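Reader: Hi! Could you pick out one part of this model and walk me through how it sits among its surroundings?

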Amino acid sequence: MSETVVEADGLGAAYGGPPALSGVSFSLKPGQTLCVLGPNGGGKTTLFRVLAGDLEAQTGTARVDGRPAHLPQAERPRLDFPVSAFDVALMGSLAHGRWWLPPRGHERAAARRALKRVGLEASEHDRFGSLSGGQRQRVLLARALVQDARVLLLDEPLAGVDPASAERITALFAELRAEGRAVLVSTHDVDSARGFDRVLCLNRRQVAFGAPAETLGSDVLEATYGAEIVMLDDGRRAVTVQHHAPGEFHPPAAGRAAPGAPPDHR
Amino acid sequence: MIDFLDALLDPLRSGLGRRALGEVALLGALGGGLSFWVTSYRLSYAAESLAHGLLPGAVVAALVGVPVAAGAGAGVLLAALLVAAAARDERIGVEAATAVAVSGLLGLGALLALAPASPQRLEELLFGDPLSVTGADLALAGAAVVAAGAALTALHRPLAAVAFDREGARAAGLQPALVSAALLALVALSLAVAVRGLGNLLALAVLVGPAVAVRGHVRTPAGAVIGGAVVAVVAGLAGVALSFALSVATGASVALALCAAAVAGASLPALRPQRPRARPAAPAG
């Protein structure tokens with residue numbers, strides 16, 4: 001029997017009120033990638049918070065092999081805080097304990113390697129707040145890499161990043177998979193979900209879980225996104241994400257957009 | 001002019017003045033070193049409230065005949081713990097938690113202060129008096145500087161990680177609420193020691209002013225901590241010297257010097273943020 005590194009069984013969670021998420025059951029093996037799809041408020045971040053141990057499950061169970069590296073949604077860090085890209089990457093080493101001592105040489109080396117993996121080795125001395133949005137996201141990803149976890153929870157890592165950063169981050173998913181790590185990524189990009197091993201569709205409950213080719217049908221997407229789904233003129237689907245940024249539009253692939261749809265900003 | 005400059009050296013000519021300089025320098029090192037974290041954690045309001053909250057503790061100390069700093073420390077530590085405990089509930093938040101905790105302690109303090117046996121020189125607790133410090137006060141302040149310095153050194157990485165990105169720090173395994181509670185405890189210690197020299201109404205100046213002065217001129221949190229301590233010590237010594245030269249209240253003079261340093265530092269042009277380095281252009285063709 002193959003080992004599982006992430007497992008949820010009938011998982012539900014709430015923030016002191018009605019359930020924010022219920023009935024989530026899935027499992028992942030080492031080296032598998034999972035795309036978590038869902039509208040804003042659909043429970044993606046709630047799921048990640050439960051898996052990260054920040055929020056207790058209200059119902060069911062959740063199990064993660066070791067402490068996961070969790071990349072929360074972007075733009076939470078303070079841009080006015082005087083730290084460099086290297087300092088931020090090095091913060092990932094706090095996951096190894098020994099927080100009361102100065103970082104050791106191998107932890108500094110790990111931070112430099114992580115910055116190199118995200119293509120920012122030349123910017124390690126640059127102040128975090130002076131970097132572009134995409135670069136900042138890559139630095140935060142480097143911080144998660146330094147944790148050297150078997151499971152990575154990446155909450156909308158591609159939201160608002162420039163194409164070069166998105167390409168770099170996407171390539172990293174494949175590298176992490178090859179290293180045998182389980183990678184969970186939440187996104188609004190339906191088309192990109194097809195590149196993952198598994199897809200989990202949430203809308204305050206689990207709508208579907210399985211291989212993308214078997215899961216991403218019209219019924220599932222409409223049950224997941226409801227009114228946020230947009231049908232393109234070639235039959236493909238896109239998702240509007242107006243709660244995050246008015247006018248932002250995520251078509252499934254470059255090329256034609258629906259008549260009257262906002263332009264593709266990717 | 002010569003007389004004025006000569007008067008600035010007056011504190012060095014008496015034991016009373018030298019003790020005042022020593023007390024203010026130690027308070028500057030303590031509060032100035034903490035000030036960057038106080039402002040980074042947006043605890044200025046909480047620190048002010050804690051400073052006010054120490055009054056009942058100081059009154060109780062005077063009533064039972066123990067050192068004022070001990071009573072103030074107990075009162076402010078109790079307030080810090082109450083604030084930290086209530087702030088753990090995200091539905092309440094730090095501001096409301098602080099208001100509730102400090103209001104309760106002030107109510108208790110008012111009851112005690114109105115008792116017939118309340119201390120007569122309450123104004124010293126409110127505005128401080130560096131000229132009245134004793135050798136024991138200096139020893140207490142020195143011990144507090146050593147203890148807080150060791151704690152700040154050990155907590156430096158968690159403090160920076162949580163101040164920068166609370167969610168990210170939690171994801172790395174830290175407990176932000178505990179880090180914040182530890183910082184509040186250090187603030188409480190600083191206030192308890194500072195009440196002797198600066199009083200509970202003016203002690204906040206040393207916990208906020210230095211950070212405002214240096215914030216735009218440092219590139220690292222460590223630089224801000226050290227810079228804040230240096231600014232606070234220099235401004236504090238200048239405040240004592242000016243109070244002697246101008247024959248004004250020393251505690252208030254020190255507080256004004258710290259605020260003047262904050263205004264001056266904030267008015268200076270900030271360091272230009274480092275921009276990403278330009279990458280070499282790819283060779284044509």
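Author: Happy to! Let's begin where the helix ends: helix 5 of chain A is followed by G180(A), whose phi is positive, near 85°. Please keep in mind that this is a predicted model.

Now for the helix itself. Helix 5 of chain A covers residues 163-178, which makes 16 residues. From its first C-alpha to its last it reaches 23 Å, close to the 22 Å expected at 1.5 Å a residue.

Next, its two sides. S165(A), I169(A), L172(A), F173(A) and L176(A) are the buried residues of helix 5 of chain A. They cover an arc of only 110° around the axis, which puts them on the same side of the helix. On the other side of helix 5 of chain A, the exposed residues include P163(A), E167(A) and A178(A).

What do the buried residues of helix 5 of chain A pack against? Their partners in chain A are strand 3 (33-37), helix 3 (105-117), helix 4 (133-146), strand 6 (151-155) and strand 7 (182-187).

Strand 6 and strand 7 of chain A run parallel and are joined by five bridges. One pairing to look up is V151(A), whose bridge partner in strand 7 of chain A is A182(A). Strand 3 of chain A also runs parallel to strand 7 of chain A, with five bridges joining them. Here V36(A) has S186(A) in strand 7 of chain A as its bridge partner.

Strand 7 deserves a moment of its own. In a regular strand the side chains alternate between the two faces of the sheet. In strand 7 of chain A both faces are covered: A182(A), L184(A) and S186(A) are buried on one side, and V183(A), V185(A) and T187(A) are buried on the other. Six of the six residues of strand 7 of chain A are buried, so this strand is largely enclosed by the rest of the structure.

Finally, here is the wider setting. Chain A has seven helices and 12 strands, and 53% of its 266 residues count as buried. Among the contacts in chain A with a separation of 6 or more, 65% come from residues 24 or more positions apart. The accessible surface of chain A comes to about 11000 Å², and 51% of that belongs to carbon and sulfur atoms.

Key:
Residues numbered from 1 in each chain as written. Chains lettered and ligands numbered in written order. Predicted model: local features only at pLDDT ≥ 70, side-chain atom pairs only at ≥ 80, totals over all residues. Heavy atoms only, no water. Helix = DSSP H or I, 4+ residues; strand = E, 2+ residues; numbered from the N terminus. Expected span 1.5 Å × (residues − 1). Buried < 20%, exposed > 50% of the residue type's maximum accessible area, 1.4 Å probe, protein only. Arc of directions from axis to C-beta. Contact = heavy atoms within 4.5 Å. Areas by Shrake-Rupley, 256 points an atom, 1.4 Å probe, with all protein chains shown as cover. Pairing = 2+ DSSP bridges.
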